[in-house]
Amino acid sequence: MKIAIVYHSGFGHTEKLAHYVEEGAKEVQNAETFLIGLDEKPVNWNLLEKADAIIFGSPTYNGTVSARFKQFMEDSTGPAFVEQKWRNKIAAGFTNSGAEHGDKLNSLMTMSLFAAQHAMIWVNLGLLSGKTRNDLNGIGSWLGAMAQSDNASPDVTPKIEDLNTAKYLGHHVAEITKQFCNGK
Ligand SMILES: Cc1cc2nc3c(=O)[nH]c(=O)nc-3n(C[C@H](O)[C@H](O)[C@H](O)COP(=O)(O)O)c2cc1C
């Protein structure tokens, strides 16, 4: 099964999360993962068409997804939306921002609505809210994975619990995709 992770990251923090999402997905047998950084090269629309699952990632800028991620969403109307090529693919999302809250929910909602418009099947984080900030899902999100980054190098932020929450999302999405592909 093919799992694509499409992300934008202006300063490397969301990119770091993307790597953890990939790591989590790879833990599941037969998961083939593809990291697609939106600033690196033109989007491989064929690869996305072949994917069984697409996990979206964006920093939260001004309370929503970044302009680059929005551009990706709009560009998809040509190769994918009109013919509904992503219909019934599994979808999920993660985001990251500077403030603890930072209006991150709006970014995940934007991604899930985008997935709905493509007739995709949205998978939630699937974790209870952590009891403390130092637990998995310490921010307490249900719709997708959230992380908080300080104004410092991605080498030191976001914290490991947030990175592991992203890893959990990748694993969870891969498990659900496996079940879906196997017809469970
Ligand atoms: C233009 C801009 C807008 C931002 N808006 C928000 C915001 O609405 N809420 C927030 O908590 N942080 C906001 N931030 C902080 C970023 O979300 C934070 O620095 C994040 O770690 C950036 O991720 P990246 O390194 O993947 O780009 C903003 C940063 C920029 C550059």
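How many residues surround the ligand, and which are the closest? In this predicted model, 17 residues surround the ligand, and the closest are Ser9, His13, Thr14, Tyr61 and Asn62; a residue counts as near if one of its heavy atoms lies within 4 Å.

Before I continue, a word on conventions. Residues are numbered from 1 along each chain as its sequence is written, and side-chain values use heavy atoms, with hydrogens and water left out. Local features need pLDDT of at least 70, side-chain atom pairs count only at pLDDT 80 or more, and totals for chains, interfaces and linings use all residues.

Let us turn to the contacts with the ligand. For threonine 14, a side-chain N or O atom is 2.6 Å from a ligand oxygen.

Strand β3 gives the most to the shell, with three residues; strands here are DSSP E runs of at least two residues, and helices are H or I runs of at least four, numbered from the N terminus.

I now come to the aromatic rings. Phenylalanine 56 and phenylalanine 72 form a tilted pair, 6.2 Å centre to centre with 50° between the planes. Rings of Phe, Tyr and Trp (its six-membered ring) pair if their centres lie within 6.5 Å, and planes under 30 degrees apart count as stacked, over 60 as edge-to-face and the rest as tilted. Phenylalanine 56 lies in strand β3 and phenylalanine 72 in helix α3, so the pair ties together parts that are 16 residues apart in sequence.

Notes: Polar contact = N/O pair within 3.5 Å; in protein donor to acceptor, adjacent residues only side chain to side chain.
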